[in-house]
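Q: Please take a close look at one part of this structure. Then describe, in one connected answer, the chain it belongs to and how that chain meets its partner.

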Amino acid sequence: MSKIAFVQKNKIPPSPAPISEVGVIGWLKQNLFSSWFNTLLTLLSIYFIFIILKDFIPWAWGGHWDTKSLRECLDLNPDVACFSVLTARWKQLLFGLYPAEEYWRPTVTFILLIFSIIPILFPKYFRFFWFSIIYPGLAIWLLWGGSIWSVGIVYIGFFLGVLLFILLLRNITKNMVITGISSILFVILFFIFFSNYLVKNLDIIIPISLPPVESLKMGGFTLSLIVGITGIVASFPIGILLALGRQSNLPIIKMICVGFIEFIRGVPLITLLFVASVLLNYFLPPGTNFDIVLRVIIMVTLFSAAYMAEVIRGGLAGLPLGQHEASSSLGLTYWQSQRLVIMPQALKISIPGIVNTFIGLFKDTTLVSIISLRDPVGLASTIRADQTWNGIYWELYVAIGLMFFVVCFGMSQYSQYLERKLKTDK
Amino acid sequence: MKASAPPKSESFKLSMLLSDTRYRGTSLQVITFIIFVAVFFWLVDNTIKNLALLGKDVSFNFLFLRAGYDINQRLIPYTSDSTHGRAAFVGILNTLLVALVGCLFATILGLFVGILRLSKNWLVAKLMSIYIEGFRNVPVLLWIVMIFALLTEFTPAPKAFKGADPQATMLLFDSIAITNRGTYFPAPIFGEGSFWLLLSFILSVIIVIFIRKNANKQKKETGKSFPTFWISVLIIILPTLGFYFLLGKPISLEYPYLKGFNFKDGIHLRNSFLALTLALALYTSAFIAEIVRAGILAISKGQSEAAASLGLRPNKIMNLIILPQALRIIVPPLISNYLNLTKNSSLAIAVGYMDVRGTLGGITLNQTGRELESMLLLMGFYLCVSLLISSVINYYNRSFQIVVR
């Protein structure tokens, strides 16, 4: 024991890391200046940011907000932005040609929209789902106006149909096919024979109506949202059905689905929109003429349904075959196994693709400007054609771009949140 | 123990068509088929009635009639006296031109951005994310009109280049002029003997390919690698340069120059073409960047660690281990993005570029009033392109996918 000359009895406290390796300096060194090449990249990026901000910040910061025309802006200071065009025309960019005294209607519709998607986005609030079901009808009534009963009757019809279905199933027969068919028949008969009569009478008893607004008056961001959201909601179930049809082992159904998907995916959306605006009248019985916005919505829906089908098919293909086999060996029927086993997993895998399709659809709503509907991009050219604002570009485009960016970026962020939340492995 | 008697075969009932799985598939298909055929005939019947009401017939003869309109950008000779069919063909070529150039730029840019986004440099990675998110989340139509506005409004008019002290100057030793009427590039002029020059160039490329193949073969047999890079560079450059001077500089550049109020000579790229191509390339490059990033990230870290522990150097790891596997993931979505770019090129109408939608589906349609036929042909063209591209994807998938069993 005595041979040991020195024993350290107490612990030496750890000395702090060198100042160049921790804190701000350490972070800078690790992330920005770790090698000569990295340093070069950093300097280049800083220079790049500098030349962009050098022009952009004074331009945007000193912008005029309250001049009467572009001329006035240029007289004051030609080097800064002229946001007055937004001050003067923001209502048009948001609502299009919607009658000014009725602006509260689209506004209320969008506020309610937020409430109606919360139960879908966040399962915590799922008990408010009834509002999401009521909302579409409410939105249609608010936006297009007219009597509330012409929309309400659809709900009444389906409600009665569901009621009949449940009653039959409880009291008369357990056969799903017979009850289903008879309820559907009842709903159809209801709409053909009773609905008109009922609407007229209800109108007399409880008259609630808004002044009607025709579709061509709608425009701006309202139009984008109408087309985009209706398309998103409608294309999702159609996409699932198409994907299942494409995977199915019934050759005729498979062929129809494949043909439809490949055709729609093969042509640009703009040709389909042209079909909607020019050719659709050829395909329908002579004399039919239905709403242009509705036609556009149908085309956009079909278009994104085909893309959706491919995305979901990718998810289905990503599932191991054992899942199908296991669920059928448990005795589940085709639809049960799809609903309980296959789809939840397949949809989870394909969330990024699905949301990408949604984002693509929302961006594609700008194409309606080419068939001369007044979405924001179309309105931008209308505003620029005006004498007062002739020659303005960036202020409008930046504002429109920002509106789309916020919505699309929000969607992609939500999809990442959803992916994290649904992650069951690891 | 008594063997149970085989179950008595039930007699066929009509309700079994829907409830029995043996028949349900068939009966469902028959019903679907009947509905499908009925809808189809309904549509055709309506079309025939409508056409009869309008006094029209279906005929493609208009393709052989005089078009009577001008197309400002054409790759093949075309005048207003040419036929509608030729106008459509000019449009098709214009579409393909935009698609080709756009895909090329989008790939290069996308590769670049995608790799830089994975950079360890925080600032660069963030910048690239901003680039990607910015382009992906704003409609491509908006990008097209924005870039078009940038090119037409913020560039000098040709007359600004005039005089002893001009307001604007040409770039790169007076060779490129960016004006609000388009951009002018020097054009190559193929003089006498350029054929031989090209021939020697092609020959040297063939020799290089041959050498590389041999080197690869040698490497596989002996394991020794044979440095080919500098040799191939020398083989390609030296003879070509030698011939270039020996033949008396057969290929020269024709520079654009200002004459009157406009530039003459050189290659003139119109703003409509530039804006469309640039916007599509930038927009698609953001998608390609994400594909490239995903492809590289999908290769598990173990692969590069295993390669490193085998003693491979970093660039060999990239070339021999990571890239071949990443490419398998990258290529199919990459090609489908090319397809998207081609389809998006139909937005040319926003800037007045005469692509196939502008000629066949635009002016021809309006002039002849043959909406049905024009739209059919137009859709047929796009369908052909997309079927072609998807068959390329399928071929790629078949030949490069990992064979499991």
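A: In this predicted model, Asp386(A) and Arg89(A) form a salt bridge, with 2.3 Å between their closest N and O atoms. The term needs a side-chain nitrogen of Lys or Arg within 4 Å of a carboxyl oxygen of Asp or Glu. Side chains of opposite charge can pair when their charged atoms come close. The two residues are 297 residues apart, so the pair links distant parts of the chain. Arg89(A) belongs to helix 4 (residues 84-95) of chain A, while Asp386(A) sits in the loop between helix 16 (376-385) and helix 17 (394-422). Over all chains, the count is 13 salt bridges.

Chain A has 17 helices and two strands (DSSP runs numbered from the N terminus: H or I of at least four residues for helices, E of at least two for strands). The C-alpha atoms of chain A fill a box of roughly 105 × 80 × 45 Å along the principal axes. The radius of gyration of chain A is 30 Å, whereas a compact globule of 426 residues would have one near 22 Å (taken over C-alpha atoms; the globule rule is 2.2 Å times the number of residues to the power 0.38).

Chain A also meets chain B: 54 residues of chain A are in contact (heavy atoms within 4.5 Å) with 55 residues of chain B. About 4,900 Å² is buried between them, 75% of it from carbon and sulfur atoms; this is the accessible area (1.4 Å probe) lost on being put together, summed over both parts. In chain B, Gln29(B), Asn137(B) and Met379(B) lose the most area to chain A, together 13% of what that side buries. Between the chains there are zero salt bridges.

Residues are numbered from 1 along each chain as its sequence is written, and chains are lettered from A and ligands numbered from 1 in the order written. Local features need pLDDT of at least 70 and side-chain atom pairs 80 or more, while totals for chains, interfaces and linings use all residues; side-chain values use heavy atoms, without hydrogens and water.

Terms used
Buried area = accessible area lost by both parts, 1.4 Å probe.
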